[in-house]
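Please open the model in your viewer and keep the selection panel at hand. The tour below moves from one selection to the next and says what is found at each stop.

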Amino acid sequence: MSPPAEAITLFGKTFFEKEPPEIIGEPWPYEVTFDYSGEPDLEDVAKNVSSLWKGRDEPANGVSGLIVTARGDYRSILGAFYNRGYYGPVIRITIDGREVSDLPPDVSLTSPAQVVVSVESGPAFTFSRAEIRNQAPPPQSRRDEVDDPVDEGFASGEIAKAGVIKQAGSLAVEAWRQQGYAKAEVADRVLTADHATETFDAVVEIDPGRFAVYGDTSVRGVRDIDPEWLAFMVGLPRGQEFDPDDLDRATERLGRLDVFKSYSIREGDEIGPGGFLPITAVVQEKPKRRIGFGATYSTTDGFGASAYWIHRNLWGRAERLRLDASVEGIDGTEYRDFDYLLGAEFTKPGIWTPDTNFNASLKAQRQVNDSYAINEVEAMAGISQIVTEDFELSFGVTGSLAQTDDDVFGEREFATIGAYINATFDTRDDPADATEGFYIDGRIAPYQEFLYGNTFVRGVVDARTYFGFADDRFVLAGRVKLGTILDPPIEETSPDLLFFAGGGGSVRGYDYQSIGVETAAGTIGGRSLAEASGEVRFRVTDAIGVVAFTDIASVTAEPYPKFQDYQIGAGVGLRYRTPIGPIRLDAAIPVNKRDGDPNFAIYAGIGQAF
């Protein structure tokens with residue numbers, strides 16, 4: 001038998017939680033009748049927590065096991081009703097016509113035993129008083145705000161649900177913790193049910209304890225990581241006011257290092273002299289090195305293969321080195337039409353603050369697209385800073401040497417250096433499957449190209465927003481992307497810096513990078529881009545969803561969009577939710593199809609399209 005799904009949790013502890021009975025004797029069949037009266041919506045609740053009802057298709061674990069299960073149903077059903085504000089239910093359970101509470105464990109029963117579960121819900125009780133004593137004062141910062149228990153149903157006249165009482169205490173404790181009182185707790189609950197008036201009196205008293213600041217941070221479980229550096233990376237300076245949100249951010253920070261199998265931040269059990277609360281980081285390290293291989297096949301691109309090698313902790317401070325190699329497009333054509341990549345990435349976390357990283361990369365690659373081919377060596381070095389949990393800023397320098405070839409301009413060479421600054425605001429509830437919030441990513445980069453002597457600026461902004469309603473079963477999602485390159489002519493600009501559209505992450509229904517500036521000799525990239533997408537997402541079940549979408553894009557030779565020449569794609573999709581994000585399958589058609597465009601296209605991936 002499985003344990004009950006619900007129990008009574010009125011006093012900060014779980015009561016009436018029954019354990020599955022031990023197997024006693026030979027299996028004993030039984031038949032159960034469920035006799036219910038009262039609030040109609042509660043009949044299914046009672047049945048769902050009744051082990052007798054849920055296990056009616058299987059024999060009990062002997063006579064004694066049947067009696068133990070039946071006695072457990074008293075507690076399960078009572079707890080479920082208390083959790084919904086019904087404090088006067090009448091519950092009778094009989095076996096062969098005798099009340100279960102009166103049966104000895106060695107009683108003789110018929111086979112199959114006749115079980116009757118009789119439940120009368122009684123009335124719902126309402127709060128006559130719902131009071132929290134010693135509430136926290138109003139917070140001085142919006143970041144310290146906690147939901148008001150009144151808004152969650154802890155108020156006179158509301159249904160007196162046991163879960164609401166427990167939640168009210170938790171919210172009141174959290175309000176104190178948000179203001180530095182780390183050991184706030186529920187000191188007492190005075191709960192009185194008046195059956196004559198069908199009301200419930202609830203008084204929750206809070207003991208805030210002492211005000212706390214962070215004490216020393218210690219580290220447990222390290223093997224190769226520098227413990228003093230790791231204490232710094234936890235980022236809880238001694239003497240700073242305690243804030244539970246800080247502990248959450250510190251935990252996320254340890255996760256971003258990608259060197260630990262497990263990690264947690266723990267508060268000390270007691271606040272010491274001077275209000276100092278010790279903090280402990282408990283970790284378990286991953287192996288330092290990792291190697292991986294991969295292979296792909298596409299009906300349009302042929303075979304591909306890739307390999308990587310990672311060192312997670314070069315010098316004891318989670319310095320990360322990754323080497324990559326790949327080849328793609330092996331489809332029987334000449335090797336010069338394959339795509340190659342050799343790359344190295346280096347990351348050093350915590351260079352200034354625990355949220356400041358140094359990043360550098362070097363890669364050599366050849367890419368062959370429908371519009372152009374490019375051989376390129378590119379280097380980058382920069383700094384990334386997590387400013388707040390919603391805002392990240394990065395800046396750095398880049399340099400590249402490129403040789404390109406296309407049907408319009410022929411062979412060209414470029415030598416370019418540049419700088420960049422990138423800002424990202426992200427308030428989405430789930431980046432892989434957002435139902436609320438927004439995402440804005442903006443990048444501006446000035447460049448100097450030496451072989452043509454051009455100085456220019458490239459800017460891109462990508463904005464997305466999400467609105468869920470009807471308990472997030474419906475989600476409206478929208479995306480706008482704008483890009484511009486100021487000053488240099490197209491023929492003097494490397495094609496990998498120009499703008500194209502089309503494909504699964506752009507305008508679905510069109511081939512990848514097939515939307516650009518049309519010339520007599522072929523498609524080339526443009527100096528401006530305007531893209532927009534809209535989706536209506538509907539969750540049919542908890543796991544399955546459907547999507548309808550429309551995408552539109554315009555690429556022009558001018559540094560600003562003209563919205564005169566644009567392509568539209570539309571389609572539908574299927575989503576299947578998994579722990580790592582929804583599996584995406586989209587089918588789209590080009591609405592204003594051109595010569596050479598496909599009749600339809602199918603895309604698959606993990607996560608929503610945007």
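This is a predicted model: local features need pLDDT of at least 70, side-chain atom pairs count only at pLDDT 80 or more; totals for chains, interfaces and linings use all residues.

Select helix H5 (residues 227-234) together with helix H6 (residues 244-256), which pack at an angle of about 130° with their axes 9 Å apart; H5 and H6 are therefore oblique to each other, given that angles under 35 degrees count as roughly parallel, over 145 as roughly antiparallel, 65 to 115 as roughly perpendicular and the rest as oblique. Axes here are lines fitted to C-alpha atoms, for helices over the stretch in contact, and angles run from 0 to 180 degrees between N-to-C directions. Show the side chains of Leu230, Met233 and Val234 on H5 and of Ala250, Arg253 and Leu254 on H6, which make the contact (contact means heavy atoms within 4.5 Å).

Residues are numbered from 1 along each chain as its sequence is written, and side-chain values use heavy atoms, with hydrogens and water left out.

Next, select the open sheet of 3 strands in the order E5-E7-E6, whose pairing is mixed; helices (H or I, at least four residues) and strands (E, at least two) are DSSP runs numbered from the N terminus, and two strands pair if DSSP finds at least two bridges between them. Strand E5 (126-133) and strand E6 (185-194) are the edge strands, each pairing on one side only, and the twist averages 10° from one strand to the next. E6 and strand E7 (residues 199-207) run antiparallel and are joined by 9 bridges; within this pair of strands, leucine 191 stands opposite alanine 202 in E7.

Then move to the open sheet of 4 strands, which has the order E1-E4-E2-E3 and mixed pairing. Strand E1 (30-37) and strand E3 (98-99) stand at its edges with a single partner strand each, so one side of each is left without a neighbour in the sheet. E1 runs parallel to strand E4 (residues 113-120), with 8 bridges joining them, and serine 118 in E4 is the bridge partner of aspartate 35. Helix H3 (residues 62-82) packs on this sheet, touching E1, strand E2 (90-95), E3 and E4, and its direction makes about 165° with that of E2.

Two backbone details deserve a stop. The peptide bond from serine 111 to proline 112 is cis, with omega near 5°, and proline 112 lies in the loop between E3 and E4. Aspartate 472, in the loop between strand E20 (454-469) and strand E21 (474-486), has phi near 65°, a positive value in a residue other than glycine.

Finally, colour the protein chain by pLDDT, the predictor's confidence in each residue, from 0 to 100: the average is 92, and 95% of the residues score at least 70. Over residues 1-24 the pLDDT is below 50, and this stretch has 64 contacts in the model beyond near neighbours in sequence.
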